[in-house]
Amino acid sequence: MPRLMLAFFCSGFAALLCQIVWQRMLGIFAGSDTISAALVVGAFLSGLGLGSIIGARIADRLSPRRALAGFALAELGIALCALLSKPFLYDGLAIGMAGQVDHPIAIFALCFMGLVIPTTLMGASLPLLCRAIATSLEGLAEKIGTLYGLNTLGAGLGALVGGWLVVGNLGFTGALWLAAALNVTAAALAITLM
């Protein structure tokens, strides 16, 4: 359990660090007003919800060992998306399409398309990890609550430190590399338990 707790903390930190960077990148494309910010956050949260639904359906069909492997694969997929997001979201979407799209539905659709894969993987991580630890009902609710709480704590610290310190010192690319490293760490911790 301690390795999974650290893994899910790292996962939460990385997720919100990515969200901050992606919000800023897409703000160049979508604008910085409240409606544009809501569209980007809405796209991010839609992907998380979609991933949670898909992850739960998949997790129900897996053994705990395979669910742990699924969690590790999801984390590695998120890391890859983090590394590819600057060329796609910033260079392609934010810079390449800036000022060309102004309808809110089109902005949401483009933001959603840019975020759907990594956020779906992020949303799937909790159901997969819950299935991985669900070997008996005894203490299961406490374990899941602890994991979710640590993920949320990691996310909160990722938002605080990411926006305040990391992006300012490392820039978009450095922050995304740090997030990817945290996702790879989470995957590696999960793999050590297989």
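**Entry 1: Leu137**

I looked up Leu137 and found this residue in the loop between helix 4 and helix 5; helices (H or I, at least four residues) and strands (E, at least two) are DSSP runs, numbered from the N terminus. Residues are numbered from 1 along each chain as its sequence is written, and side-chain values use heavy atoms, with hydrogens and water left out.

I recorded Leu137 as exposed because its relative accessible area is 77%; exposed means over 50%, buried under 20%, and partly exposed in between (1.4 Å probe, protein chains only). From Leu137 to Cys81 I read 35 Å, C-alpha to C-alpha, for a sequence separation of 56 residues.

**Entry 2: confidence**

I noted a mean pLDDT of 88 for the protein chain, with 99% of the residues scoring at least 70. The pLDDT is the predictor's confidence in each residue, from 0 to 100. Where pLDDT is low, predicted coordinates should not be read in detail.

I placed Gly42 in helix 2 and classed Gly42 as partly exposed because its relative accessibility is 22%. The C-alpha atoms of Gly42 and Phe112 are separated by 8.3 Å, although these residues are 70 apart along the chain.

In helix 4 I checked Cys111 and Leu129. Cys111 is buried, since its relative accessible area is 0%; Leu129 is buried, since its relative accessibility is 0%. I found 9.6 Å between the C-alpha atoms of Cys111 and Gln23, which lie 88 residues apart along the chain. For Leu129 and Ile191, 62 residues apart along the chain, the C-alpha separation is 12 Å.

**Entry 3: nonpolar surface patch**

I then turned to Ile191, which lies in helix 5. Ile191 is partly exposed because its relative accessible area is 44%. With Leu73, Leu76, Val184 and Met194, Ile191 forms a nonpolar surface patch of about 430 Å² accessible area together. Patches are made of residues with over 30% relative accessible area and no salt bridge; like charges are joined within 9 Å, nonpolar side chains (Val, Leu, Ile, Met, Phe, Trp, Tyr) within 5 Å. Accessible areas come from the Shrake-Rupley method with a 1.4 Å probe, and for residues only the protein chains shown count as cover. Helix 3 (64–95) and helix 5 (140–191) each supply at least two residues of this patch.

Asp91 is partly exposed, as its relative accessible area is 37%, and Lys86 is partly exposed at 24%.

**Entry 4: largest pocket**

I noted a volume of about 340 Å³ for the largest pocket. Of its 18 lining residues, the closest to the centre are Ala15, Leu48, Met122, Tyr148 and Asn151. A pocket is, on a 1 Å grid over the protein atoms alone, an open set of points where a 1.4 Å probe fits, with protein on both sides within 12 Å along at least five of seven lines; lining residues have an atom within 4 Å of a point. Grid points are joined across faces, edges and corners, and a volume is the space filled by probe spheres set on the points. Helix 1 (2–30), helix 2, helix 4 (104–133) and helix 5 each supply at least two lining residues.

Conventions: Predicted model: local features only at pLDDT ≥ 70, side-chain atom pairs only at ≥ 80, totals over all residues. Salt bridge = Lys/Arg side-chain N within 4 Å of Asp/Glu carboxyl O.
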